[in-house]
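The report that follows walks through selected local features of the structure shown below. It begins with a single residue and then turns to aromatic pairs, helices and strands.

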Amino acid sequence: MQDTNHTDDRRDGSDGRKLTDTSRREFLKGLGVAAGGSFLQTDGLQVVDDPIGSYEYRDWEDLYREQWDWDSTARSTHSVNCTGSCSWEVYVRNGQIWREDQAADYPVFDEDSPNPNPRGCQKGACYSDYVNADQRVLHPLRRTGERGEGKWERISWDDALTEIAEEVIDAVQDEEYDAISAFTPIPAMSPVSYASGTRLTRLLGGVAHSFYDWYSDLPPGQPITWGTQTDNAESADWYHADYIIAWGSNINVTRIPDAKYFLDAAYNGTKRVGIFTDYSQTAIHCDDWLSPDAGSDPALALGMAQTIVSEELYDEAHLKEQTDMPLLVREDTGKFLRASEVDGLSVDADRSDHVFVMQDAEGNLRVAPGSLGMRDGQHDDSVSIELDFDPQLNVEESVSTTDGEVEVRSVWNNLRDELSNYTPETVGEITEVGSETYQEVAREFAQADRAKIIHGKGVNDWYHNDLGNRAIQLLVTLTGNLGRKGTGLDHYVGQEKIWTYEGWSKLNSPVPGRNVPTTLWTYYHCDVLDNADPETTQRVQEAIDNDWMPVYPEERADGSRPDPRLMFIWRGNYFNQAKGNVAVEEQLWPKLDLIVDINFRMDSSAMYSDIVLPTASHYEKHDLSMTDMHSYVHPFTPAVEPLGEAKTDWQIFRELAAKIQELAQQRDDVDPVPDREFDREIDLESVHDDYVRNWEDDEADALADDKAAAEYILEHSEETNPSNSDEQITFDDIDEQPQRVAAVGDHWTSDLVENEPYTPWQRYVQDKNPWPTFTGRQQYYIDHDWYLELGEELPTYKEPPTLQDRADYPLNYTTPHGRWSIHSTWRDSEKMLRLQRGEPVVHLNPDDMDDRGIEDGDTVRLYNDLGSIEVQAKRYPSGEPGTARMYFAWERFQFPDRGNFNSLVPLYMKPTQLIQYPEDTGEHLEFRPNYWGPTGVNSDVRVDVEPVADGSGDDSNGGSNE
Amino acid sequence: MSSHTDSSQTVDLAEGVNHQVAMVMDLNKCIGCQTCTIACKTNWTDSGGREYMYWNNVETKPGAGYPRDWEELGGGWDDEGEERTPGELPEQEDYGAPWDFNHEQIMYEGSDEPLRPMDDAADWAPNWDEDEGAGEYPNSYYFYLPRICNHCTHPSCVEACPRSALYKREEDGIVLVDQDRCRGYRYCVEGCPYKKVYYNAMKKKSEKCIFCYPRIEGEGPEGEVRGPACAEDCPPQLRMVGYLDDEQGPIHKLVNEYEVAVRLHPEFRTEPNVYYIPPFAPPKHTQDGESTDEERIPREYLEELFGPKVNDALDTINRERQRVRNGGESELMELLNSDRSEKYRLEVFDEA
């Protein structure tokens, strides 16, 4: 097509107007490109009388109308563990994914809160780019270079599955099935895909990895105090609160689809206080902002608690009935006084040594109803904690016991002693929050009718996160803000809540199987026990020896322990996201003979794997999606067929099972292997048949594809197929429109009330069921030996520890969740990078930049004793001085030396999170994947930063050289 | 509703325009997530020489914005609103380049380079100064400003075009660049003080926000009337879309009755039809970390952006918020939380 060098085009002429030579060249760059559109006739330009209102030549407007066109749509969502669980409409044009829009058709159930629609964010709005992207994995690939080098050969599915199947068969034959690791996070974001690999792993005797604890998303204070992994109100409940504290939860960045409930509350009379070290993207929309020093939040919370207690603003009835505050503690041992120890106290219980004691108004000792010794296990709703006497909070007594006279005090008095340390002066000094301000917030919080704390990763990444959790939880407990609409402590980090838990669980685990706490597994196999501090090492070893926490492969009879051997990674980016990244690469990775990554895109884990299998994108499969942010269930459905040679996760693991079965049957040496731990045999010759069999109904070949697996989950869950009703939510129903769950199973802490948002803890607070703790109450006092030894029996503030020297590394290093990615997904997205700076940046306070001669846009080196990374410096005046803040999850290949944001983060573990409690039976705290186990520590890391000298190559501040 | 015409007492529409589309954006709900930006991009500017364009952008204020320092490039009208004020053409680098990246080389070809914008071109971008703002910790301040074409009542871009290739639609006041008639002179780009007309070097034509007219007209295979993508897709639903002359709608009430929705840079005199609820923020801190009564965002800065009317607007909002917090009722507060069905009043003037 020829260009029209029209004489009217002044930019081609010589009128010499404002264009500089540079910009003219830029503008003219495109002119040589053949224009696709039609040009108006260049002669006979028609006259326009008045372009305002009476313009006549409007036929061209069809140009844009024709672009608003598509051939079909399909409903889907994204599986990225953002907690959003947003339903999208995916548009297909000419057989390809064109774009997506929020489906925006969640049914309204609560007329009083803002409309739930739409749900979504900018990242979800361009997932379509991944479907056809350069980074898409289209074929099975086998590594030809070093791990991470990005050199591959394309292999057939048959070759790939054969190679993997041989390795699996060898491992099982060698009785090293517990050296097969399967890492995939968060069932709720796509339970069928989750279960696909885990189901096979279970059948093989392999090991499923935890994730919620490993990612430090689990708030350990919740199992410690409330006996529950986490339970939250859905976000619509925020709007019903009169007072909200957003505590380290950067809602406006990390809960984009839910932020409206927080923002709209501004016009609904709600006061919103933000507690953030920086003037964060959520702080800007709060009514007050408190800015504690990094890691000092526990002291701030305890200071607020001290105000509430000393000014008697607490909810006494709640404390007496719902908490351990009236329980008596022995002064000599620090242990709870047990009913079995008290002379003459009659107890109607099998285990009176697990029964606790209170004092009534008359001064008589009384048994605390709901104690573990009176219950049949952790959850027992046949027992009530309702009181028929008035227990005293303030008790200091001498009691006649089997050990003679002992002094006892109530937990309340012990707590008051602890809190007395947190005077306004002390708290002001530790936190640098104004004493008047925080005390006023404490008073307002206590006096509000419905007060709520939204709690997030900003306060959960610390080494002492358990203490921090417990201190902040104390505020809602003291004020009785639990188990009612508009109250509570809502901790949102990780899409941990799968409403259809039962159905997923049955699909996932047809046979009993191994789980491992990933933090401990990683720590152990990175040989950290050989070089950590002696006390930590001793306690970790003790926890392993006591069988409080499992490590796989397990220790053999001869005392040896094999290395892990084979690892499957799917739906996650274990390698990139691993704390202790340097150790993982140098210690753990070489131990693995075969790493298989199953992925739609080439992320860092895929890059550092041996075989990469192409999986269906989120727009190419059937699955389900759920979250704790809302109470709907909605599906993934395929808008198009999987691109290239991709297959769904379900299909991939099914075909791997088929290959294993086929080869096992061909080989002479394969017989069923008795499982070392469970009463079953690992039978490779039937593994595919077992995989596709419906074990509930003993129906062969029932679970051949992902849609059947999704239907199976819906059918076997109380939430979607309630036992008291003939109605069932089917896959077709949710494809038509997202559906609110129909009921709530026993595994949650409240029932579902029609027309109201779900709010947790009602079964304890309103129905008076015992809390699933040792004492049957919200338990702030933990009399485990380790807690007593460490002075952590009650919430307390401890100086944050750090493995780096403060003098050498003066800056705190934090890696919060940011707006531009969900973990590492979208970190490499062109559309997203164009709205950032195209490369990793570190946010620095201008004073810290000036001190070091750093300017905005400079390339800097961020380093500590573990590693060093090159990034771009960004000026962030709202960041507190003394902090290097790097929004996390940049991929390794985004750094010049293939370092990583986690290269500066050690593997660090707090031993208090390894315990079993009670020590003998563990009903309150025992290892359960993603429920109780050590959290990974992301913060409490120190670094320094310096400019990278000129001439080192990457000059990203170079201006526009011609 | 067809009897409703342009002769309302309180609403000034451009002469010859029957109805005027309008938008109110509540800056107290903008979280800078850019879902609007992406929704617009995937609808309209993802290819064909438009890659660098953001018909909808969100910028951090105070900040240089997109294109860089657009507020200083002139355009618009003089104080009397009669003579056009000279405007400058932004330099191409002030928009930022739509970077391409080297995914393929790194992931599949064994390159040991980092993933980076190719041609080492990254030194400015549409959102380069995100979250930066002004002031010093702990009294820094910033907020987000989403921007589209204002579909002005007195559009200087239309006046600027010697070919009369820009026009304002009679039925809804949407301002468009006739893609057949345009020759890409860029007088409109110079003339728009908001720099919301963009030059497409591949097509040699200027293009701009079309207020998603195919969506509001109910085009598309499903024949459904939808609001502009930037509004419909906004997660906090901070935008209301309708007609300025729809006196029953929330926009009219917010703009003309309560006067809490104000224009951006009214001194440009183009009479924008996009209005903003101005931002409030937590108060300043003392050196001891105490919260004070002092406003964090300087009023002078807000006046610079929104003119003197911003003061009454903020005072009204603060007063009504306090009323609700004390247990009272406020129609204004309810309007600001309008239900979704009220947020998009696009069919009120449809002929029966």
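At 1% relative accessibility, A:Glu792 counts as buried, a term that here means under 20% relative accessible area, with exposed set at over 50% and partly exposed in between (1.4 Å probe, protein chains only). The model is a predicted one, in which local features need pLDDT of at least 70 and side-chain atom pairs count only at pLDDT 80 or more, while totals for chains, interfaces and linings use all residues. Residues are numbered from 1 along each chain as its sequence is written, chains are lettered from A and ligands numbered from 1 in the order in which they are written, and side-chain values use heavy atoms, with hydrogens and water left out.

**A buried glutamate**

A:Glu792 is placed in the loop between helix H26 (785-789) and strand E27 (811-814) of chain A; helices (H or I, at least four residues) and strands (E, at least two) are DSSP runs, numbered from the N terminus. Leaving aside residues up to four places away in sequence, A:Glu792 touches A:His464, A:Asp466, A:Leu467, A:Arg470, A:Tyr787, A:Lys798, A:Lys910 and A:Thr912, where contact means heavy atoms within 4.5 Å. Between the C-alpha atoms of A:Glu792 and A:Asp705, which are 87 residues apart along the chain, the separation is 50 Å.

**Aromatic pairs and charges over rings**

Over all chains, a search of the whole structure finds 70 aromatic pairs. Rings of Phe, Tyr and Trp (its six-membered ring) pair if their centres lie within 6.5 Å, and planes under 30 degrees apart count as stacked, over 60 as edge-to-face and the rest as tilted. Two of these pairs are set out here.

| Pair | Distance between centres | Angle between planes | Class |
|---|---|---|---|
| A:Tyr194 and A:Phe211 | 6.1 Å | 70° | edge-to-face |
| A:Tyr267 and B:Phe280 | 6.4 Å | 85° | edge-to-face |

The pair of A:Tyr194 and A:Phe211 links distant parts of the chain, since A:Tyr194 is in helix H5 of chain A and A:Phe211, 17 residues apart from it, is in the loop between strand E7 (207-209) and helix H6 (221-226) of chain A. Both A:Tyr194 and A:Phe211 are buried. The pair of A:Tyr267 and B:Phe280 crosses between chains, from the loop between helix H8 (259-264) and strand E9 (271-275) of chain A to the loop between strand E10 (274-277) and helix H9 (299-306) of chain B. A:Tyr267 counts as buried at 3% relative accessibility, and B:Phe280 counts as buried at 12%.

One aromatic cluster is formed by A:Phe183, A:Trp214, A:Tyr215, A:Trp521, A:Tyr574, A:Phe575, A:Trp589 and A:Tyr608. The charged end of A:Lys579 sits over the ring of A:Trp214, 4.9 Å from its centre, the criterion being that NZ of Lys or CZ of Arg is within 6 Å of the ring centre and within 35 degrees of the ring normal. A:Arg740 likewise lies over the face of A:Phe109, at 3.6 Å from the ring centre.

**Helices**

Helix H5 (residues 191-204) and helix H15 (residues 501-508) of chain A pack at an angle of about 35°, with their axes 8 Å apart; axes are lines fitted to C-alpha atoms, for helices over the stretch in contact, and angles run from 0 to 180 degrees between N-to-C directions. On the H5(A) side the contact includes A:Tyr194, and on the H15(A) side A:Trp504 is among the residues involved.

Helix H11 (residues 411-419) of chain A is mostly covered, with 7 of its 9 residues buried, among them A:Trp412 and A:Glu418. In chain B, helix H8 (residues 250-257) is also mostly covered, with 6 of its 8 residues buried, and what covers them includes E1, E8, E10, helix H11 (331-336) and helix H12 (340-343) of chain B. Just after H8(B), B:Glu259 takes a positive phi of about 55°.

**Strands of chain B**

An open sheet of 4 strands runs in the order E8-E1-E10-E9 (chain B), with mixed pairing, where two strands pair if DSSP finds at least two bridges between them. Its edge strands are E8 (239-243) and E9 (262-263) of chain B, each of which pairs on one side only. Strand E1 (residues 21-26) of chain B runs antiparallel to E8(B) and is joined to it by 5 bridges; in E8(B), B:Arg239 is the bridge partner of B:Met25.

Strand E2 (residues 57-61) of chain B has 5 of its 5 residues buried, and 5 bridges join E2(B) to the antiparallel strand E3 (residues 143-147) of chain B.
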